[in-house]
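Me: I would like to learn how to read a fold, feature by feature. Please give me the general idea each time, then the case at hand.

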Amino acid sequence: MVPKAMRALTAETELYCSFSANPGRFGATVFNALFEHHGLNALYLPRRATSAAEVISLVRKFPVRGCAISMPLKTAILDELDPARDTLDPLVTATRSTNT
């Protein structure tokens, strides 16, 4: 099933992604069904990524509103965000991962 948002992509469509070395479709299936059920103009896409730098580049290139990042990319992202480390929750710094 093609998500409704994908059939009618506009500049206002909110984009959400999951980044993984081996992305699956489960999250996209669940989130896109929820977006459609609630009438939201949003799309969730799984994306293959092999480095933290690649994830950051994709997020900066496209208007990504939120993303899920799988291990080991999840901890590597923290190294890329090192200048912002002072603003991170101390638990994030201690565990080297975060979930939202």
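Reply: We go from the overall layout to the sheet, then to a helix and the surface.
This is a predicted model, in which local features need pLDDT of at least 70, side-chain atom pairs count only at pLDDT 80 or more, and totals for chains, interfaces and linings use all residues. Residues are numbered from 1 along each chain as its sequence is written, and side-chain values use heavy atoms, with hydrogens and water left out.

Me: How many helices and strands does the protein chain have?
Reply: Helices (H or I, at least four residues) and strands (E, at least two) are DSSP runs, numbered from the N terminus. The protein chain has 5 helices and 3 strands. Along the sequence the pattern reads α-β-α-β-α-β-α-α.

Me: What is the order of the strands in the sheet?
Reply: Strands of a sheet pair through backbone hydrogen bonds, either parallel or antiparallel. Two strands count as paired if DSSP finds at least two bridges between them. Here the 3 strands form an open sheet in the order β2-β1-β3, with parallel pairing. β2 (42-48) and β3 stand at the edges with a single partner strand each, so one side of each lacks a neighbour in the sheet. From one strand to the next, the twist averages 20 degrees (axes are lines fitted to C-alpha atoms, for helices over the stretch in contact; angles run from 0 to 180 degrees between N-to-C directions).

Me: How many bridges join β1 and β3?
Reply: Strand β1 (residues 14-20) pairs with β3 over 5 bridges, in the parallel sense. Phe19 stands opposite Ile69 in β3.

Me: Which residues of α3 are buried?
Reply: An α-helix has 3.6 residues a turn, so residues three or four places apart point the same way. Buried means under 20% relative accessible area, exposed over 50%, partly exposed in between (1.4 Å probe, protein chains only). In α3 (residues 52-61), Ala52, Val55, Ile56 and Leu58 are buried. Their arc around the axis is only 165 degrees, which puts them on the same side of α3. That arc is taken from the directions from the helix axis to the C-beta atoms. The face turned away from the buried side carries exposed Arg60 and Lys61.

Me: Is Phe26 buried or exposed?
Reply: Phe26 lies in helix α2 (residues 26-37). Phe26 is exposed, at a relative accessible area of 70%.

Me: And where is Phe62?
Reply: Phe62 sits in the loop between α3 and β3 (64-69). Phe62 is partly exposed, with a relative accessible area of 40%. Phe62 and Leu15 are 47 residues apart in sequence and 8.3 Å apart in space, C-alpha to C-alpha.
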